[in-house]
Amino acid sequence: MSKDQAAGQDRDPVTAGFLVIGDEILSGRTKDKNIGYLAEYLTELGIDLAEARVVPDVEERIVEAVNELRARYTYVFTSGGIGPTHDDITADAIAKAFGVAIDFDPRAVAILKNFYPEGQLTEARMKMARIPQGADLIENAVSKAPGFRIGNVHVMAGIPSIMQAMLDAIAPTLRTGRRMLSRTVDADLPESRIAGALKEIQDTHPGVMIGSYPRSVDGRFSTQVVVRSRDEDLLARAANAVAEAVAAALKST
């Protein structure tokens with residue numbers, strides 16, 4: 001953990017928005033695997049993923065979403081649209097969102113020239129070296145073509161293995177907050193039997209979030225209750241109250 005991360009644990013919650021870019025996601029041709037991964041990854045760091053959006057390969061839509069998200073959250077992460085094809089327009093859209101120029105970045109060009117054998121660094125691949133002015137590069141340990149960071153926006157590839165490698169590269173640079181803790185209470189009864197008790201526990205335990213998730217297996221209903229808080233003592237009290245409510249409801253059956 002870096003000094004910035006350690007210091008950040010005593011500050012207000014750190015928030016993030018995630019922008020998934022690509023017509024292939026919206027059409028269903030490609031199944032997104034990045035939202036869930038990023039959510040878990042950021043939770044482990046103590047960063048709250050507060051919003052995820054999916055937009056098409058349309059410059060105006062990307063610009064609009066980036067500007068809205070970067071004004072609202074501590075960090076913005078994007079995936080998709082920084083490859084070598086004609087519809088990879090994310091870098092240009094980010095430059096437009098920040099009002100800066102975009103051109104071939106000597107650092108990115110050097111990385112690609114060092115990676116591709118002579119004669120294989122095509123014009124299309126060179127497109128991946130176009131970086132908005134003032135941006136820092138994000139290392140890509142998988143296929144070398146870098147992502148970039150400008151302001152509080154981190155622009156990453158859509159291919160899951162590459163996006164994950166880029167996350168590992170930027171994680172030490174992120175300010176983090178107190179981690180969200182959680183406890184799970186399994187209730188062998190329908191959600192409706194404990195709904196009232198859960199509402200009362202939620203109302204009397206500020207700083208705690210309670211979610212109930214009904215399940216059905218072979219016609220038998222049960223409920224999983226997840227209690228979340230950044231304060232361990234609050235979490236313990238609320239989770240104990242939930243367990244007692246579940247036990248009381250079971251006893252009355």
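This is a predicted model: local features need pLDDT of at least 70, side-chain atom pairs count only at pLDDT 80 or more; totals for chains, interfaces and linings use all residues.
1. A pocket here is an open set of points, on a 1 Å grid over the protein atoms alone, where a 1.4 Å probe fits, with protein on both sides within 12 Å along at least five of seven lines.

2. The lining of the largest pocket comprises 32 residues, of which Gly80, Gly81, Asp88, Gly158 and Ile159 are the closest to its centre; lining residues have an atom within 4 Å of a point. By class, 13 are nonpolar, eleven polar and eight charged, with Gly counted as polar.

3. Strand 1 (14-21), helix 2 (23-27) and helix 8 (160-170) each contribute at least two lining residues, and helix 8 gives the largest share, three residues. Helices (H or I, at least four residues) and strands (E, at least two) are DSSP runs, numbered from the N terminus.

4. Three strands form an open antiparallel sheet in the order 9-11-10, where pairing requires at least two DSSP bridges. Strand 9 (181-187) and strand 10 (209-217) are its edges. Strand 9 pairs with strand 11 (residues 220-229) over seven bridges, and Arg183 stands opposite Val227 in strand 11.

5. Helix 10 (residues 232-251) lies across strand 9, strand 10 and strand 11, at about 5° to strand 9. Contact means heavy atoms within 4.5 Å; axes are lines fitted to C-alpha atoms, for helices over the stretch in contact, with angles from 0 to 180 degrees between N-to-C directions.

6. Residues are numbered from 1 along each chain as its sequence is written. Local features need pLDDT of at least 70 and side-chain atom pairs 80 or more, whereas totals for chains, interfaces and linings use all residues; side-chain values use heavy atoms, without hydrogens or water.
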